[in-house]
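Here is a short report on one protein chain. It moves from single residues to the overall fold.

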Amino acid sequence: MPQYTVPHYIEKEKLDSPVLLYLWDDTQVIASLKYDTSDLIEKLESTSLRAKTVLAIGIYEWIIWRYHLVYDDPIPVRIDEASWCAAIDKRYIQYVELVRSEYTGPIKGPLWVASMNLVDMFYVTPEGKNQWRMSIHYLSRVAMHILPDTKPFEQWLDCVTDRLLRLYPEPEDNPFEDLFNNHEEERRGPLVAREALDPSFDYHPDQAPELLDNFLRSVDHMANPFLRSPEELMELGIEHPYRVLP
């Protein structure tokens, strides 16, 4: 199983109890998820698409950590790792599709909903507002449904949303200047490091390239089926695969 370094701000909350305190019906998923995300979505309108993507990954990490003691399939962790690479450049991630019939029940069901909504974030163009709204909507609602204590998650979500709003405002964008999406990565906004999601980390945007370079250098792409090889990435136009700094 790949090494998963759980964020300390999640681990310290001890929310990975093996006792499940919620109901789950795979035929009534939408009806069972009650959390109102309208305020969150409205606030995020003013952030860059890359910042929205990073927040989605952060929410996903609360979900997969919840099942730390009861589910040891490496797939969710590998999706998490591939997603952090894709937050740097979407070309890193291979297409991910989990077979719905293989992901049912009170653990696999929420993981399927969360995983598929997270992956959808990497197929969002800068114009695709409805898709990012949908992804963050369902990721947040799943987290609120399955966590045994939602207060730490809500406090974290408020804190990091405010930080991303302050540090990564939505850039001015004219889609008619990029009709063929040749500059899609630039239009997603500046790079955002994982440390931006840690409320206790004194994070500044100019740290992102070095932090992300360190992260990419630690990735074992051969162990993750959702990541492309350096050779594939070079063919797709990434000059220095698994590096940010030259």
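A polar contact is a pair of N or O atoms within 3.5 Å. By that cut-off, the side chain of Asp198 makes a polar contact with the side chain of His8, at 2.9 Å. A polar contact also joins the side chains of Asp198 and Ser200, at 2.8 Å. The model is predicted, and these distances are computed from it.

Asp198 sits in the loop between α9 (184–187) and α10 (208–218). Which side chain of opposite charge is nearest to Asp198? It is Arg163, 6.3 Å away. Leaving out residues up to four places away in sequence, Asp198 touches His8, Tyr9 and Arg163.

Arg66 belongs to helix α4. Arg66 is buried and has no salt bridge. The nearest side chain of opposite charge is that of Asp16, 6.7 Å away.

What lies 2.5 Å from a polar atom of the Arg66 side chain? The backbone oxygen of Ser17 does. The backbone oxygen of Val19 lies 2.9 Å from a polar atom of that side chain.

## Helix α4

Helix α4 covers residues 49–66 and has 18 residues. From its first C-alpha to its last, α4 reaches 26 Å. That is close to the 26 Å expected at 1.5 Å a residue.

Is α4 mostly covered or mostly open? It is mostly covered, with 18 of its 18 residues buried. An α-helix has 3.6 residues a turn, so residues three or four places apart point the same way.

## Salt bridges

Side chains of opposite charge can pair when their charged atoms come close. How many salt bridges does the count come to? It comes to eight.

Lys43 pairs with Asp162, and the closest N and O atoms are 2.9 Å apart. This pair links distant parts of the chain: Lys43 is in helix α3 (residues 38–44) and Asp162 is in helix α8 (residues 151–167), 119 residues apart. Lys43 counts as partly exposed, at 31% relative accessibility. Asp162 is partly exposed too, with a relative accessible area of 39%.

Lys12 forms a salt bridge with Glu13, with the closest N and O atoms 2.7 Å apart. Lys12 is exposed, at 54%. Glu13 counts as partly exposed, at 25%. Arg91 and Asp89 also meet in a salt bridge, 2.7 Å from N to O. Arg91 is partly exposed, with a relative accessible area of 29%. Asp89 is buried, with a relative accessible area of 9%. Salt bridges that share partners join Asp213, Arg217 and Arg243 into one network.

## Backbone exceptions

Most residues other than glycine have a negative phi. Lys14 has a positive phi of about 55° and is not a glycine. Lys14 is in the loop between α1 (8–11) and α2 (29–32). Lys14 counts as exposed, at 61% relative accessibility.

Tyr242 has a positive phi of about 60° and is not a glycine either. Tyr242 lies in the segment after α11 (230–235). Is Tyr242 buried or exposed? Tyr242 counts as buried, because its relative accessibility is 7% and the limit is 20%.

## The whole chain

The chain has eleven helices and zero strands. A compact globule of 246 residues would have a radius of gyration near 18 Å. The chain has 17 Å, which agrees. Its C-alpha atoms fill a box of roughly 50 × 40 × 35 Å along the principal axes.

Of the 246 residues, 51% count as buried. Among contacts with a separation of 6 or more, 78% come from residues 24 or more positions apart.

Notes:
Residues numbered from 1 in each chain as written. Predicted model: local features only at pLDDT ≥ 70, side-chain atom pairs only at ≥ 80, totals over all residues. Heavy atoms only, no water. Helix = DSSP H or I, 4+ residues; strand = E, 2+ residues; numbered from the N terminus. Buried < 20%, exposed > 50% of the residue type's maximum accessible area, 1.4 Å probe, protein only. Lys, Arg positive; Asp, Glu negative; His and termini not counted. Salt bridge = Lys/Arg side-chain N within 4 Å of Asp/Glu carboxyl O. Polar contact = N/O pair within 3.5 Å; in protein donor to acceptor, adjacent residues only side chain to side chain. Contact = heavy atoms within 4.5 Å. Expected span 1.5 Å × (residues − 1). Rg over C-alpha atoms; globule rule 2.2 N^0.38 Å.
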